[in-house]
Amino acid sequence: MTTPTTGTPYGTLPSASPLPQRKPVSLPRLAEMRARGEKITMLTSYDATFAAVADAAGVECILVGDSLGMVCQGLSSTSGVTLETMVYHTESVVRGLLRVQGTAWVVGDLPFGSYHESKEQAMRSAAQLLHAGAHMVKLEGGGWTAETVRFLVERGIPVCAHLGLTPQTVHSLGGYRVQGREDASARVLRQQAKELEDAGAAMLVLEMVPAGLSTEITESLKTCHTIGIGAGNGTAGQVLVMHDMLGINLGKNPKFVRNFMEGQTSVRDAMAAYVKAVKDGSFPDNEKHAW
């Protein structure tokens with residue numbers, strides 16, 4: 001349905017001042033951003049409309065995260081999300097971007113159980129997300145995952161890895177706790193990050209990792225771009241769960257989250273404020289949002 005004021009199916013999308021037109025986001029473009037010191041922005045999105053709004057606000061990367069299990073489905077963790085669900089939401093996000101000629105880079109989460117049995121299973125699961133329109137897939141954990149990453153990359157599938165707090169295995173980590181505080185665990189994270197880069201991972205989410213350690217890992221990696229969430233401002237980029245940064249989640253916001261709806265009059269303005277804060281370095285503030 002179109003609106004009489006804008007003539008678009010997304011009514012309020014053009015209401016904010018338009019951002020400069022950009023070329024479609026790609027891995028070479030993200031590498032260029034990092035080379036010149038420009039921070040990469042990423043937000044989760046799970047449907048067509050919010051994906052289109054995020055793209056219009058200037059977000060470079062949209063993560064169709066398995067966090068949808070908690071914020072959309074009401075699950076207590078992400079481990080109950082199925083591959084079929086991820087395919088459905090990825091298709092929805094991509095349709096939204098196509099309707100507005102969006103340019104964002106779409107990352108689809110491989111859910112728990114969809115890549116754990118074998119590299120071949122991971123390939124089949126990743127293919128489904130790419131068929132749904134994702135540009136890249138994300139998987140969690142280090143160590144054994146390096147060979148899976150290599151297997152996928154060798155077959156032309158861009159991969160984003162994920163270290164630190166890995167929500168799919170949160171119970172084995174003892175809950176939602178900062179990872180890498182002790183010397184031994186910090187060494188493991190450094191080693192796993194290097195292994196994942198060597199395997200071909202082009203991105204690496206670092207979640208709930210001490211700011212100093214995440215900065216050290218970022219500086220040690222040359223071809224793999226780190227994306228922090230609760231990992232300080234020394235990473236190559238930042239990601240937040242959309243519902244958290246809009247202040248509409250079902251629980252208490254973690255320490256590393258800032259409510260970007262405060263002082264804004266629209267969701268697009270809030271997302272644009274997030275982009276600006278990441279770009280100018282004012283978010284995250286290591287004193288407020290990191291360990």
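Which residues touch the most other members of the largest nonpolar core? The legends below start there.

This is a predicted model, so local features need pLDDT of at least 70 and side-chain atom pairs count only at pLDDT 80 or more, while totals for chains, interfaces and linings use all residues. Residues are numbered from 1 along each chain as its sequence is written, and side-chain values use heavy atoms, with hydrogens and water left out.

**View 1. Met203 in the largest nonpolar core.** Met203, Leu204, Leu240 and Tyr274 touch the most other members of this 85-residue set. A nonpolar core here is a set of buried Ala, Val, Leu, Ile, Met, Phe, Trp, Tyr and Cys residues joined through side-chain atoms within 4.5 Å; buried means under 20% relative accessible area, exposed over 50%, and partly exposed in between, with a 1.4 Å probe and protein chains only. Leaving out residues up to four places away in sequence, Met203 touches a list including Leu30, Trp105, Met136, Cys160 and Ile227 (contact means heavy atoms within 4.5 Å).

View 2. Helices (H or I, at least four residues) and strands (E, at least two) are DSSP runs numbered from the N terminus, and two strands pair if DSSP finds at least two bridges between them. Zooming in, E3 (residues 105–109) and E4 (residues 136–138) share three bridges, and Val107 has Met136 as its bridge partner in E4.

**View 3. Cysteines without a disulfide.** A disulfide is counted when a pair of cysteine sulfur atoms lies within 2.5 Å, and the count comes to zero. For Cys72, the nearest cysteine sulfur is that of Cys160, 19 Å away; Cys72 counts as partly exposed because its relative accessibility is 41%. For Cys160, the nearest is the sulfur of Cys224 at 7.5 Å, and Cys160 is buried, at 1% relative accessibility.

**View 4. Thr148 in helix H6.** Thr148 sits in H6, which covers residues 145–154. Its relative accessibility is 4%, so Thr148 counts as buried. Beyond its neighbours within four places in sequence, Thr148 is in contact with Lys119, Ala122 and Leu139.

**View 5. Asn249 in a loop.** Asn249 lies between helix H9 (242–245) and helix H10 (267–280). Its side chain makes polar contacts with those of Asp244, at 2.8 Å, and Asn253, at 2.6 Å. A polar contact is a pair of N or O atoms within 3.5 Å; within protein, one must be able to donate a hydrogen and the other to accept it, and residues adjacent in sequence count only if both atoms are side-chain atoms.
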